[in-house]
Amino acid sequence: MSGGDGVSGGDGVSGGPGLGGTAESPLLTPAGNISGTYDVVVAGSGAAGLVAAIRAADAGLRVLVAEKAPLLGGTTAAGGGVMWAPNNHLARQAGYRDSHEDGVAYLTEAAGHVVTRAEVEWYISTAPRAVAYLDAETRLSLTPIARPDYHMEWQGAADGGRGLDNDAFDPSGYPGLAEAIRPSSYFPLLTMTERDRLNGRAADPELLARRAATGVRTMGGALVGSLLASALDRGVEIAVSAPVEDLARDGDKWTVTLGGGAAGRTVSAAAVVLASGGFEWNPRLRQAFLPFPVTPISAPSNEGDGLELGLKAGAAVADMTAIWGVPVISEATHEYDGVRSGRMGNVEMTLPGSITVNAAGKRFVNEALNYHDACRVFASVDPLTGRQQNNPAWLVFDAAYLSKYPVAGSAAGVPADWMKAADSLEELAGKIGIDPAGLATTVARFNDDALKGVDTEFHRGAAPQDRFLGDAANTPNPCLAPLRSAPFYAVRIAAGVLGTSGGLDTDFNGRVLDRHRQPIPGLYAAGNVSAGVFRNNYPGGGATLGSAITRAFAVGEHLAATL
């Protein structure tokens with residue numbers, strides 16, 4: 001779901017057709033018709049799987065993409081679609097200043113304490129090559145956005161251009177493709193560039209309706225749609241409802257057993273690419289590996305299938321406690337694939353006129369901090385009780401805030417029935433079970449600071465990366481406004497996850513490694529099924545997809561050179 005800094009605007013028209021059915025497109029290979037021998041079988045149809053498939057197909061290899069779910073795109077299609085790629089040529093063409101040296105310096109600041117210099121150099125060298133390939137050889141249309149890196153105070157930081165947005169994608173030339181792509185969980189049909197111009201306000205409903213009627217996709221849906229079209233152009237076979245159930249090494253090939261609509265069928269492949277997402281929707285694996293409870297908001301098909309297949313094949317793992325974290329608003333009515341889910345809440349936290357407090361009624365974080373680092377603070381453990389002291393928390397705002405900004409998809413100015421409301425802060429505190437005196441004291445201090453435009457407690461809005469998601473029309477600080485207009489409202493907000501980012505250990509070519517750090521012949525991994533490139537660090541918006549696409553590109557290059 002990378003790069004989705006949240007869309008505070010109401011859904012209007014959602015990102016595509018409803019879930020629940022099976023994609024029916026004449027362009028796709030029916031699961032029941034899969035048979036034979038392939039050069040490469042790819043498990044998963046998100047950005048990682050599709051990029052690896054396309055690059056391999058360019059070398060003349062016969063490729064099958066097998067998707068577990070009935071719709072294509074995985075968490076990529078559900079999310080914001082931005083990829084983080086320092087020193088890419090599109091940014092330079094758009095007038096942004098960057099360099100290889102600055103990228104290395106910044107990523108070293110971000111992750112150099114856990115990532116080797118060779119790993120930093122690999123990413124900063126490979127990511128722009130992946131962008132150049134996708135721009136020149138596929139149907140992707142990418143636009144650099146003016147989003148600052150998440151730590152502008154670090155050496156080598158860039159104030160824009162490293163994040164690449166997807167232009168709106170029109171699938172009309174590919175019959176049935178629009179219906180085959182997984183819709184967003186809740187993002188409206190806007191590009192990220194369009195969303196950034198809204199200052200937290202709702203989108204034009206006519207634009208949303210027009211795009212929905214014509215099948216146009218945006219954000220992660222546009223990324224998936226463009227990659228799918230590019231894969232189909234190359235003759236890549238793509239099947240839905242075709243999970244990879246088992247892998248077995250047979251001489252110099254893999255025997256791949258499929259399930260779902262292809263139940264009982266086996267195919268042979270020289271190489272297998274596991275690109276099936278993380279394990280955040282698997283309660284057993286979450287309990288085994290994650291140190292605190294999280295609310296997942298990714299594709300519910302991410303149940304760790306690829307991870308367990310890799311383990312069965314003898315793979316080593318790394319960083320299994322790592323996640324792509326995000327504060328999540330999970331109102332009672334929000335479901336995705338028929339299961340309870342939630343929405344990113346970081347935009348609502350950043351906009352002026354709201355605060356986020358714990359059970360003591362106290363603020364505990366700069367609410368405009370990037371969502372990954374903010375999520376870490378939600379999970380802080382109280383040393384006296386051994387319990388998380390900030391998870392869950394409450395987003396508290398007033399009537400003036402609600403009149404301007406939608407909250408978790410609600411219409412601006414219209415309270416939702418899942419919001420707690422009261423005529424005083426003390427009454428509100430009682431309704432949500434937090435300390436009334438603590439909340440009143442917190443709001444009094446915050447209001448004094450907001451009127452001056454300076455957050456003396458957490459410095460909210462002091463940095464360019466804070467202000468980017470604020471309301472530019474609100475002065476002197478786009479992230480600060482007092483809470484003083486009754487009624488007052490509260491919405492529960494908790495630690496969430498865009499995906500897990502620990503998994504199968506790989507080398508620079510994406511080859512899965514065994515416990516001796518030797519490559520398992522013919523087995524590759526990319527995306528959240530593999531251990532993250534940044535080792536539980538989040539250098540900038542789009543780091544999730546940036547790492548997935550970069551590693552997948554390397555996988556495709558290695559397949560092209562060796563098969």
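## A three-stranded open sheet

Three strands make up an open sheet in the order E3-E5-E4, with antiparallel pairing. Strands here are DSSP runs of E with at least two residues, helices are runs of H or I with at least four, and both are numbered from the N terminus. Two strands pair if DSSP finds at least two bridges between them. Strand E3 (83-84) and strand E4 (142-144) sit at the edges with a single partner strand each, so one side of each has no neighbour in the sheet. E4 pairs with strand E5 (residues 163-166) in the antiparallel sense over 3 bridges, and Leu142 stands opposite Asn166 in E5.

A word on the ground rules: this is a predicted model, where local features need pLDDT of at least 70 and side-chain atom pairs count only at pLDDT 80 or more, while totals for chains, interfaces and linings use all residues. Residues are numbered from 1 along each chain as its sequence is written, and side-chain values use heavy atoms, with hydrogens and water left out.

## Strand E12, covered on both faces

E12 (residues 323-329) is mostly covered, with 7 of its 7 residues buried. Buried means under 20% relative accessible area, exposed means over 50%, and partly exposed is in between (1.4 Å probe, protein chains only). In a regular strand the side chains alternate between the two faces of the sheet. On one side of E12 there are Ile323, Gly325, Pro327 and Ile329, on the other Trp324, Val326 and Val328, and all are buried.

Which strands does E12 pair with? One is strand E19 (residues 488-500), joined in the antiparallel sense over 6 bridges, with Trp324 standing opposite Gly499 in E19. Another is strand E15 (residues 343-344), which runs antiparallel to E12 over 2 bridges; here Val328 stands opposite Met344.

## Tyr538 and its ring partners

There are 18 aromatic pairs. The rule takes rings of Phe, Tyr and Trp (its six-membered ring) with centres within 6.5 Å, and calls planes under 30 degrees apart stacked, over 60 edge-to-face and the rest tilted. Trp324 and Tyr538 form an edge-to-face pair, 5.2 Å centre to centre with 90° between the planes. Trp324 belongs to E12 and Tyr538 to the loop between strand E22 (519-525) and helix H18 (543-562), so this pair ties together parts that are 214 residues apart in sequence. Trp324 is buried, at a relative accessible area of 3%, and Tyr538 is buried at 3% as well.

Tyr538 also pairs with Tyr371, again edge-to-face, at 5.2 Å centre to centre and 75° between the planes. Tyr371 lies in helix H13 (residues 371-378), so the pair ties together parts that are 167 residues apart in sequence. Tyr371 is buried too, with a relative accessible area of 1%.

## Other ring contacts

Elsewhere, ring pairs link Trp84, Tyr106, Trp122, Tyr123, Trp154, Phe508 and Phe534 into a cluster.

Charges meet rings as well. A charge counts as sitting over a ring if NZ of Lys or CZ of Arg is within 6 Å of the ring centre and within 35 degrees of the ring normal. The charged end of Arg55 sits over the ring of Tyr133, 5.6 Å from its centre, and Arg62 lies over the face of Tyr38 at 4.1 Å from the ring centre.

## Strand E16

Strand E16 (residues 354-357) has both faces covered: Ser354 and Thr356 on one side, Ile355 and Val357 on the other, all buried. E16 runs antiparallel to strand E17 (residues 393-398), and 4 bridges join the two. Ser354 stands opposite Phe397 in E17.

On a 1 Å grid over the protein atoms alone, a cavity is a set of points where a 1.4 Å probe fits but cannot get out; a pocket is an open set with protein on both sides within 12 Å along at least five of seven lines, and lining residues have an atom within 4 Å of a point. The structure holds 7 cavities of 30 Å³ or more. The largest cavity has about 380 Å³ of space, where volume is the space filled by probe spheres set on grid points joined across faces, edges and corners. Its lining has 34 residues, with Gly46, Ala275, Ser276, Gly277 and Asn302 nearest the centre. Helix H1 (47-57), helix H2 (74-78), helix H11 (305-312) and H18 each give two or more residues to that lining.

The largest pocket has about 270 Å³ of space. Of its 15 lining residues, Glu119, Asp505, Thr506, Gly532 and Arg551 are the closest to its centre. By class, this pocket's lining divides into 6 nonpolar, 2 polar and 7 charged residues, with Ala, Val, Leu, Ile, Met, Phe, Trp, Tyr, Cys and Pro counted as nonpolar, Asp, Glu, Lys and Arg as charged, and the others, Gly among them, as polar. The lining of the largest cavity has 13 nonpolar, 18 polar and 3 charged residues.
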